[in-house]
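Please look over the sequence and the model shown here.

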Amino acid sequence: MKHRMIPLALALWSAAALATDLPFTDAEVRRVNTAGQEITLKHGEIKNLDMPPMTMVFKVSDPALLTPLKAGDQVRFTAEQRNGAYTILKLEKKP
């Protein structure tokens, strides 16, 4: 049993390490949907997703990320594709 856990632990650690290395992208909040755990952003290029600037809806990995935000706020974020959905991992309001 212990031998099976080691590869799983390494895979999880590796995925977490990659998530921290994602580049930040600047954006403007267009809509916050706390109940749906989604946010609509007008964003710049997302290099790790090979995505051009556009306005789109993202899921959030943690609903608490949405609490301090409202339409018009300037933010920066990291995102990746998880289970077929574009998901925000880190989200920070810009001063």
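The notes below go through the chain by topic.

This is a predicted model, in which local features need pLDDT of at least 70, side-chain atom pairs count only at pLDDT 80 or more, and totals for chains, interfaces and linings use all residues. Residues are numbered from 1 along each chain as its sequence is written, and side-chain values use heavy atoms, with hydrogens and water left out. The secondary structure comes to one helix and five strands, where helices (H or I, at least four residues) and strands (E, at least two) are DSSP runs numbered from the N terminus. The five strands close into a barrel.

**Chain totals**

- Along the sequence, the elements follow the pattern α-β-β-β-β-β.
- Of the 95 residues, 29% count as buried; buried means under 20% relative accessible area, exposed means over 50%, and partly exposed lies in between (1.4 Å probe, protein chains only).
- The accessible surface of the chain is about 6300 Å², and 57% of this belongs to carbon and sulfur atoms; the areas come from the Shrake-Rupley method with a 1.4 Å probe, and for residues only the protein chains shown count as cover.
- Among contacts (heavy atoms within 4.5 Å) between residues at least 6 apart in sequence, 46% join residues at least 24 apart.

**Barrel and strand pairing**

- The strand order in the barrel is S1-S2-S3-S5-S4, and the pairing is mixed; two strands pair if DSSP finds at least two bridges between them.
- Neighbouring strands of this sheet are turned by 55° against each other on average, direction ignored; the axes are lines fitted to C-alpha atoms, for helices over the stretch in contact, and angles run from 0 to 180 degrees between N-to-C directions.
- S1 and S2 run antiparallel and are joined by six bridges, and Val29 stands opposite Leu41 in S2.
- S1 and S4 are also antiparallel, with four bridges; here Ala27 stands opposite Val75 in S4.
- Eight bridges join S4 to S5, again antiparallel; Glu80 has Thr87 in S5 as its bridge partner, and Arg76 has Glu92 in S5.
- The hairpin of S4 and S5 has two residues between the strands, and Asn83 there takes a positive phi near 50°.
- S3 and S5 run parallel and share two bridges, with Val60 opposite Ile88 in S5.

**Nonpolar core**

- The largest nonpolar core has 18 residues; such a core is a set of buried Ala, Val, Leu, Ile, Met, Phe, Trp, Tyr and Cys residues joined through side-chain atoms within 4.5 Å.
- The members that touch the most other members are Ile39, Leu41, Phe58, Val75, Phe77, Ile88 and Leu91.
- Two or more residues each come from strand S1 (25–33), strand S2 (38–43), strand S3 (54–60), strand S4 (74–82) and strand S5 (85–93).
- Not counting residues up to four places away in sequence, Val75 touches Thr25, Asp26, Ala27, Val29, Leu41, Leu69, Leu91, Glu92, Lys93 and Lys94.
- In a regular strand the side chains alternate between the two faces of the sheet.

**Salt bridges**

- A search of the whole structure finds seven salt bridges, each being a side-chain nitrogen of Lys or Arg within 4 Å of a carboxyl oxygen of Asp or Glu.
- Side chains of opposite charge can pair when their charged atoms come close.
- Glu92 and Arg76 meet in a salt bridge at 2.7 Å, N to O. Glu92 lies in strand S5 and Arg76 in strand S4, so this pair ties together parts that are 16 residues apart in sequence.
- Glu92 is partly exposed at 35% relative accessible area, and Arg76 is partly exposed at 31%.
- Asp73 and Lys70 form a salt bridge at 3.0 Å, N to O; Asp73 is buried at 6%, whereas Lys70 is exposed at 51%.
- Lys70, Asp73 and Lys93 are linked in a network of salt bridges.
- Glu28 and Arg30 meet in a salt bridge at 3.5 Å, N to O; Glu28 is partly exposed at 27%, and Arg30 is partly exposed at 39%.
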